[in-house]
Amino acid sequence: MNQSEKIRNLCETALFIAIVFLGVFIIKFPGPFGYAHIGDSMIFLAVLMLGGKRGAIAGGIGAAIADLVAGYTIWIVPTLICKAAMALVIGALINKHVLGLKGRALWVVSALAGGFTQGIGYFIFWYLLFGKAAAFAAVSGLLFQAVVGIIIAFIVSEALQKTSLRNHFIYTTDGKGGMQSC
């Protein structure tokens, strides 16, 4: 990788850190156990455009910074871990063409698995921090946020792939291009 590619990768990752931060911090819906946000959809999109590893960096750091700025300091480390794990799972499953799937089906199954991974991670942190009852109470909100994030990311990625930004996707969901097809 030459110097200009390294700089481009750094700038793209930094841009997605900011996009994820904004998705978590600006567009949020308060709930009884914190808040729901559209940041997960931006993490799903980051994986499609940057790949699993850089998507994990952008998702973990962007969401953790949002928790820091919002005053949810107890959640900085859990958020960093859970969001990064979600992105890594999505990227790994897409790379391995899990279950022999391709295109949109592969992306949706990978996103669901990533969302499930994130949910398990947060469940564990809720359990460790607040006990079993709180952990189980948080499950519905975690599931809702992941599903909404998948739906939003799917719509946005489909729209973006119909523009000149398609060339910036590492994974495309229609199996017809990008740097690598799902």
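Reply:
**Helix packing up close**

The axes of helix 2 and helix 4 (residues 76-95) come within 10 Å and cross at roughly 40°. Please keep in mind that this is a predicted model, in which local features need pLDDT of at least 70, side-chain atom pairs count only at pLDDT 80 or more, and totals for chains, interfaces and linings use all residues. Residues are numbered from 1 along each chain as its sequence is written, and side-chain values use heavy atoms, with hydrogens and water left out.

A few terms first. Helices here are DSSP runs of H or I with at least four residues, numbered from the N terminus. Their axes are lines fitted to C-alpha atoms over the stretch in contact, and angles run from 0 to 180 degrees between N-to-C directions.

Back to the pair: helix 2 and helix 4 are therefore oblique to each other, given that angles under 35 degrees count as roughly parallel, over 145 as roughly antiparallel, 65 to 115 as roughly perpendicular and the rest as oblique. Helix 2 passes helix 4 in a right-handed crossing (the near helix is turned clockwise from the far one by less than a right angle). From helix 2, D40, I43, F44, V47 and L48 meet K83, M86, A87, I90, G91 and I94 of helix 4, where contact means heavy atoms within 4.5 Å. By class, that contact has eight nonpolar, one polar and two charged residues. Ala, Val, Leu, Ile, Met, Phe, Trp, Tyr, Cys and Pro count as nonpolar, Asp, Glu, Lys and Arg as charged, and the others, Gly among them, as polar.

Helix 2 (residues 39-50) also packs with helix 1 (residues 3-25): their axes come within 8 Å and cross at roughly 160°. These two helices are therefore roughly antiparallel to each other, and their crossing is right-handed. Here G39, M42, I43, L45, A46, M49 and L50 of helix 2 meet E12, T13, F16, I19, V20, G23 and V24 of helix 1. The residues of this contact divide into ten nonpolar, three polar and one charged.

Finally, helix 1 itself. Its buried residues are E12, T13, F16, I17, V20, F21, G23 and V24, with buried meaning under 20% relative accessible area (1.4 Å probe, protein chains only). At 1.5 Å a residue, the 23 residues of helix 1 should span 33 Å, and its end C-alpha atoms are 33 Å apart, which agrees; the expected span is 1.5 Å times one less than the number of residues.

Notes. Buried means under 20% relative accessible area, exposed over 50%, partly exposed in between (1.4 Å probe, protein chains only).
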